[in-house]
Amino acid sequence: MKIGFIGLGNMGAPMAANLVRAGHAVSGFDVAGTVVDGAKQAQSAAEAARGMDVVITMLPNGEILRSVYAEIIPASTAGAVLIDCSTVDVQSARDVAQDAVNAGLLAVDAPVSGGIGGAAAGTLTFMAGGSDAGFAMAAPLFEIMGQKAVHCGESGAGQAAKICNNMILGATMVATCEAFALADKLNLDRQKMFDVVSTSSGYSWSMNAYCPAPGIGPKSPADNGYKPGFAAELMLKDLRLSQQAAAAVDADTPMGALALALYRSFVEEEDGRGKDFSAMLPRFEARGRSLD
Ligand code: NAD
């Protein structure tokens, strides 16, 4: 297939490289001038989209996505499929998809889970929204870049799944970290705490697969000085998107709102920027009680 790839950052570059390795003709564009081995370097987003069967975007946010789609929709060939893998707000995902469909294109929102490691290894999970025809065209590429793709529903459903998942993740990580900090103060050994919780009803991905306590459980960013991994500021971004969506549809999400407040102060007022999101554990460790 002829594939345009726009946004060759930490995630986009290795995803594009996997498409090149699988034998596809990739034309890449990034405002930073990034080049991917084996891909043609386009001079603009429109050039990367022109004449392509598929155009993939992997961009920082909804505002940038809207401006890039305004450029690529008129440049794309009728019947082409536009796949946006960025994490953006649900409304932007729906709006750009509608614009694409109105112009005779197919559109799929397909945010990912799995991080930079998953992008490099081709083991991402894609959660997709859009028509059956769009998903069917995108599916073979999801297979190259990932290990699982779920068609979640109409446009925006992929983004909805992503922010619901990450709202659970943020709240669960906070709960796991505060429980370790409490256990410390109760003189409960961290390894014993892990042995019990990881096989009891408090278990979760945060505890079992990504334990925030150094030296406990499988290897995780805690064992590497809390170098990300999944940075606290990316968790903050996703929690903001979840609360923006919740406000738009009048959903009551108090745990998500509290997780957002904690990550906001961690990143913006404390020393969380540049650290893994599991660095909430040393944060709690260093504090006394903040509620009565
Ligand atoms: P990144 O900042 O490394 O990459 C974004 C790239 O987009 C940059 O290289 C930037 O130069 C480029 N860009 C910005 N504006 C552009 C424009 N107008 N035209 C072309 N290129 C433009 O970010 P990332 O870590 O690769 O993340 C990309 C997306 O994936 C984000 O939406 C993020 O939330 C999501 N995501 C990231 C991770 C992760 O672990 N990094 C995990 C899951 C999802």
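This is a predicted model: local features need pLDDT of at least 70, side-chain atom pairs count only at pLDDT 80 or more; totals for chains, interfaces and linings use all residues.
Q: What makes the protein chain agree with a compact globule?
A: A compact globule with 292 residues would have a radius of gyration near 19 Å, and the protein chain has 20 Å, so the two agree. Along the principal axes, the C-alpha atoms fill a box of roughly 65 × 40 × 35 Å. Buried residues make up 50% of the chain. Of the contacts with a separation of 6 or more, 63% join residues 24 or more positions apart.

Q: What does the chain hold in the way of helices and strands, and what is its surface like?
A: There are twelve helices and nine strands. The accessible surface is about 13400 Å², and 56% of that belongs to carbon and sulfur atoms. As for charge, the chain has 21 positive and 30 negative side chains, with the centres of the two sets 4 Å apart.

Q: Why is helix α1 called largely enclosed?
A: Nine of its ten residues, in the stretch 12–21, are buried, so the rest of the structure largely encloses α1. The buried ones are Gly12, Ala13, Pro14, Met15, Ala16, Ala17, Asn18, Leu19 and Val20. Among the elements covering them are strands β1, β2, β4 and β8, along with helices α5 and α6. Just after α1, Gly23 takes a positive phi of about 100°.

Q: How do you know that Ser206 is buried or exposed?
A: Buried means under 20% relative accessible area. Ser206 has 1%, so Ser206 counts as buried. Ser206 lies in helix α9, residues 205–208. Setting aside residues up to four places away in sequence, Ser206 touches Leu169, Thr172, Met173, Thr176, Cys211 and Pro212.

Q: Why is Trp205 called partly exposed?
A: The partly exposed class runs between the buried limit of 20% and the exposed limit of 50%. Trp205 has a relative accessible area of 47%, so partly exposed is the label. Trp205 lies in helix α9 too. Beyond its neighbours within four places in sequence, Trp205 is in contact with Leu169, Tyr210 and Phe277. Ser290 is 85 residues from Trp205 in sequence, and their C-alpha atoms are 26 Å apart.

Q: What makes a set of residues a nonpolar core, and which residues touch the most other members of the largest one?
A: Such a core needs buried residues of the nonpolar kinds, joined through side-chain atoms within 4.5 Å. The largest has 33 residues, of which Phe180, Met207, Cys211, Met235, Tyr263, Phe277 and Met280 touch the most other members. Helices α7, α8, α10, α11 and α12 each give two or more residues to this core. The largest share, seven residues, comes from α7. Apart from this core lies another, of 31 residues, among them Leu8, Val54, Ala138 and Met145.

Q: Which residues are in contact with Cys211, leaving aside its neighbours within four places in sequence?
A: Contact means heavy atoms within 4.5 Å. Phe180, Phe194, Ser206, Ile216, Ser220 and Ala222 are the ones in contact with Cys211.

Q: What makes the backbone at Asn187 and Tyr226 worth a look?
A: Most residues other than glycine have a negative phi. Asn187 has a positive phi near 60°, and Tyr226 has a positive phi of about 60°. Asn187 sits in the loop between α7 and α8, while Tyr226 sits in the loop between α9 and α10. At 72% relative accessibility, Asn187 is over the 50% cut-off and therefore counts as exposed. Tyr226 has 10%, under the 20% cut-off, so Tyr226 is buried.

Q: How do you know that the peptide bond from Pro228 to Gly229 is cis or trans?
A: Omega is near 15°, and the bond is cis. Most peptide bonds are trans. Gly229 lies in the loop between α9 and α10.

Q: Why does Gln243 count as buried?
A: Gln243 has 14% relative accessibility, which is under 20%, so Gln243 counts as buried. Gln243 is placed in helix α10. Beyond its neighbours within four places in sequence, Gln243 is in contact with Met167, Thr253, Gly256, Ala257 and Leu260. Pro254 is eleven residues from Gln243 in sequence and 9.5 Å away in space, C-alpha to C-alpha.

How values were computed: Residues are numbered from 1 along each chain as its sequence is written. Side-chain values use heavy atoms; hydrogens and water are left out. Helices (H or I, at least four residues) and strands (E, at least two) are DSSP runs, numbered from the N terminus. Buried means under 20% relative accessible area, exposed over 50%, partly exposed in between (1.4 Å probe, protein chains only). The radius of gyration is taken over C-alpha atoms; the globule rule is 2.2 Å times the number of residues to the power 0.38. Accessible areas come from the Shrake-Rupley method with a 1.4 Å probe; for residues, only the protein chains shown count as cover. Lys and Arg count as positive and Asp and Glu as negative; His and the chain ends are not counted. The place of a charge is taken as NZ of Lys, CZ of Arg, CG of Asp or CD of Glu.
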